Amino acid sequence: MTMTFHSATLKDKDTIFEWLDNPHVQEFWDNSPQHRQDIENFMGGRQTRSPYFGGMNSYWVGLLDNHPYAFIITHEESEKTDPPEIYKPYISKTGKTFGIDFCIGSKNHLGKGLAAPTLKAFMHYFIKAVEPKTDIFYIDPFINNPRAIHVYQKAGFKIVSEFTQQGGFFDQSKGVLMIKEISSEQI
Ligand SMILES: CC(C)(COP(=O)(O)OP(=O)(O)OC[C@H]1O[C@@H](n2cnc3c(N)ncnc32)[C@H](O)[C@@H]1OP(=O)(O)O)[C@@H](O)C(=O)NCCC(=O)NCCS
């Protein structure tokens, strides 16, 4: 069983958009046309400026034995990106901080115990192949998503605070901020 990852390209568009149509994804993910436009903008190499969070998201596809099944978003947070107040204490002072959004997009791979191992494998890939200076990842599931919270704890994330979403697709939803610090021994 081999997990691999690549940056999303236009070849992945139909697969990703099919995943975004799945009810289990729509329950917790932004399904707005603006989000889809941003994904397409990224897949096309960001030739034009994206208004969706300033085009700060990068999109990744996870494959299990060459079959696509997971969809991941990363976005860097720093003093420059002006994150919400509750995130500021967790911005790394020694390296880089990346937020993650995660889903098992493929219905055939859902509920098979793949989520925590995939997230761990992705963070390993990201540090090795994309941004070696990353030493903090964060993830911020909603409180009404205990399955995701459980899986993230299994992947080594710890709850550090609670928040209420201000604006966006899930305005006023309550969530938890979860942090994973990466030590050099873990890489
Ligand atoms: C959250 C998500 C990634 C989990 O993937 P998955 O394939 O369902 O998860 P897995 O099969 O790997 O593991 C599920 C674990 O959650 C547990 N679980 C299931 N329902 C649960 C619940 N209501 N409360 C707590 N734990 C629950 C399972 O028992 C299992 O734990 P175990 O391995 O310790 O037995 C997936 O459901 C998903 O993509 N959902 C839609 C998008 C989403 O919610 N993303 C997170 C947004 S932050």
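Visitor: What do buried, exposed and partly exposed mean here?

Guide: Each term rests on relative accessible area, computed with a 1.4 Å probe on protein chains only. Buried means under 20%, exposed over 50%, and what lies in between is partly exposed. This is a predicted model, in which local features need pLDDT of at least 70, side-chain atom pairs count only at pLDDT 80 or more, and totals for chains, interfaces and linings use all residues. Residues are numbered from 1 along each chain as its sequence is written, and side-chain values use heavy atoms, with hydrogens and water left out.

Visitor: Is tryptophan 60 buried or exposed?

Guide: The relative accessible area of tryptophan 60 is 7%. Because buried means under 20%, tryptophan 60 is buried.

Visitor: How many aromatic pairs does a search of the whole structure find?

Guide: Rings of Phe, Tyr and Trp (its six-membered ring) pair if their centres lie within 6.5 Å; planes under 30 degrees apart count as stacked, over 60 as edge-to-face and the rest as tilted. The number of aromatic pairs found in the whole structure is 20.

Visitor: Which kind of pair do tryptophan 60 and tyrosine 125 form?

Guide: Their ring centres are 6.0 Å apart. The planes stand at 75 degrees, so the pair is edge-to-face.

Visitor: Is tyrosine 125 exposed or partly exposed?

Guide: Tyrosine 125 has a relative accessible area of 22%. Tyrosine 125 is therefore partly exposed.

Visitor: What is the angle between the planes of phenylalanine 98 and phenylalanine 126?

Guide: Both phenylalanine 98 and phenylalanine 126 are buried. They form an edge-to-face aromatic pair, 4.8 Å centre to centre, and the angle between the planes is 70 degrees.
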